[in-house]
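Me: Hi! Could you walk me through this model, starting with the ligand and then the sheet?
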Amino acid sequence: MRSDLGFVHRYLPGEDKSGPTILLLHGTGGNEEDLIPLGATLAPGAAVLSPRGKVSEHGAPRFFRRLAEGVFDHEDLLFRTHELAEFAEAASEEYGFDLSKLVAVGYSNGANVAASTILLHPGLLRAAVLFRAMVPFEPDVTPDLSGMPVFIAAGRYDRMIPPDNTQRLADILGEAGADVDLRWSDTGHPLTYEDVSEAKKWLASILPKLSEAQDDRQ
Ligand code: MLT
């Protein structure tokens, strides 16, 4: 466990130093250890950066404050999103991973801060997997997300996230140019094997392209 760079976090180097790094973002009450096995399943061999959310809700770590379930403290959300982006940049310097191949995988509150990062720092995340995500805020300015691959897995019976909220997030990202793959399943808020298996397949098709695009630029 490291507590430097502003966030308690784990970093696990990948097999290929120039390969992708998965930014793991846990849900409310999770920590930097929670999603490590998920990261290894979804992207075997990839580097992993896993911070712990800095906000405590009665002892439960989160990535930003909320006023009630599904009602976010907008000011804190913006502040925490910038803070997380700075952490990712500092971590890439510290550990020497390629920031241009940073791919977020977030669940619930972690997916929401990932969505906020996509909107506020377009280009920082190369791709994203959002499990059980909702609209973090309605952007005043449409960011340029041209061609950014985003996988969203939503549950039709999620009692925390109304389906039209996830649909709205997909629309916002799509209108900004992202290549959104929104999958619905007959489940609730918890993650399922089907989510993991679909996301794994999706990532297997996306991750090799990140390296190819990089090779083209060299
Ligand atoms: C949030 O607060 O980000 C969402 O309500 C999901 C969660 O409870 O973590």
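Reply: Happy to. A polar contact here is a pair of N or O atoms within 3.5 Å; within protein, one must be able to donate a hydrogen and the other to accept it, and residues adjacent in sequence count only if both atoms are side-chain atoms. This is a predicted model, where local features need pLDDT of at least 70, side-chain atom pairs count only at pLDDT 80 or more, and totals for chains, interfaces and linings use all residues. Residues are numbered from 1 along each chain as its sequence is written, and side-chain values use heavy atoms, leaving out hydrogens and water.
Me: How far is the side chain of N109 from an oxygen atom of the ligand?
Reply: An N or O atom in the N109 side chain sits 2.9 Å from a ligand oxygen. For T28 that distance is 2.6 Å, and for a polar side-chain atom of S108 it is 3.2 Å.
Me: And how much of the ligand does the protein cover?
Reply: The cover is 97% of the 260 Å² of accessible area that the ligand has on its own, by the Shrake-Rupley method with a 1.4 Å probe.
Me: Which residues surround the ligand?
Reply: Among them are R62, F64, R66 and M160, where a residue counts if one of its heavy atoms lies within 4 Å.
Me: Now the sheet. What's the strand order?
Reply: It's an open sheet of seven strands, β1-β3-β2-β8-β9-β10-β11, with mixed pairing. Strands are DSSP runs (E, at least two residues), as are helices (H or I, at least four), numbered from the N terminus; two strands pair if DSSP finds at least two bridges between them.
Me: Why do β1 and β11 have a side without a neighbour?
Reply: β1 (9–12) and β11 (179–185) stand at the edges with a single partner strand each, so one side of each is left without a neighbour in the sheet.
Me: How does β1 pair with β3?
Reply: In the antiparallel sense, over four bridges; L12 has V48 as its bridge partner in β3.
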